[in-house]
Amino acid sequence: MQQQQAEDGGPRPGQRVIEVILPTYAMKPGEDEKFYPSKAKAICEDILRTTLAGQEYDEELAKEWVTNIGNDIKDKVKTLNIPRYKVICQITIGQVRDQGVSIASRCLWDVAHDNYASVNFSNDSLW
């Protein structure tokens, strides 16, 4: 028994149509969506300079500065058209007192597409 088809080769009347949709996800960022550390570094340096220049270290104010600086950096870096990246800010403020400090972090990332920007700021009272 032959199946009856509509004259145009489409489904028969009353026959269920299954629509096939191909995956639309992208596995890597587009050329115009790449993260460039130099642009992020410039943003970080500007925010640190405007927020901390001329400030004296104060423990209570430092807590506020860390939050505000982190939020400002994340907001401005997100304007760089990098929708496929997660922006992480790690900010540490300490008092200058003839001490040494080492800070380390670990991340799991894709070496072909992920990157980072690191900025240091210090004045007579804080780092």
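1. Basis of the note. The model is predicted, and local features are described only where pLDDT is at least 70, with side-chain atom pairs counted at pLDDT 80 or more, whereas totals for chains, interfaces and linings use all residues. Numbering starts from 1 along each chain as its sequence is written, and side-chain values rest on heavy atoms, with hydrogens and water left out.

2. Helix α1. Helices here are DSSP runs (H or I, at least four residues), numbered from the N terminus. Helix α1 covers residues 37–52. It has 16 residues and reaches 22 Å from its first C-alpha to its last, close to the expected 22 Å; the expected span is 1.5 Å times one less than the number of residues.

3. Ala40, Ile43, Cys44, Ile47, Leu48 and Leu52 are the buried residues of α1. Buried means under 20% relative accessible area, exposed over 50%, and partly exposed in between (1.4 Å probe, protein chains only). Viewed down the axis of α1, the buried residues fall within an arc of 125 degrees, so they line one face of the helix; the arc is that of the directions from the helix axis to the C-beta atoms. An α-helix has 3.6 residues a turn, so residues three or four places apart point the same way. Ser38 and Thr50, on the other side of α1, are exposed.

4. Helix α2. Helix α2 covers residues 59–78. It has 20 residues and reaches 29 Å from first to last C-alpha, close to the 28 Å expected at 1.5 Å a residue. The buried residues of α2 are Ala62, Trp65, Ile69, Gly70, Ile73 and Val77. Glu60 and Lys78 are exposed on the face turned away from the buried side.

5. Packing of the pair. The buried residues of α1 pack against α2, and α1 is included in what covers the buried residues of α2. Contact means heavy atoms within 4.5 Å. From α1, the residues Ala40, Ile43, Cys44, Asp46, Ile47, Leu48, Thr51 and Leu52 meet Trp65, Ile69, Asp72, Ile73, Lys76 and Val77 of α2. By class, this contact has 10 nonpolar, one polar and three charged residues. Ala, Val, Leu, Ile, Met, Phe, Trp, Tyr, Cys and Pro count as nonpolar, Asp, Glu, Lys and Arg as charged, and the others, Gly among them, as polar.

6. Geometry of the crossing. The axes of α1 and α2 come within 10 Å and cross at roughly 145 degrees. Axes are lines fitted to C-alpha atoms over the stretch in contact, and angles run from 0 to 180 degrees between N-to-C directions.

7. Positive phi values. Gly54, which follows α1, has a positive phi near 80 degrees. Asn81 is not a glycine, yet has a positive phi of about 60 degrees; Asn81 is partly exposed, with a relative accessible area of 38%. Asp98, also other than glycine, has a positive phi near 55 degrees, and counts as exposed at 85% relative accessibility. Both Asn81 and Asp98 lie in the segment after α2.

8. Distances along the chain. Asp124 is exposed, with a relative accessible area of 79%. Pro13, in the segment before α1, counts as exposed at 82% relative accessibility. Pro13 and Ile103 are 90 residues apart in sequence and 69 Å apart in space, C-alpha to C-alpha.

Technical notes. Helix = DSSP H or I, 4+ residues; strand = E, 2+ residues; numbered from the N terminus.
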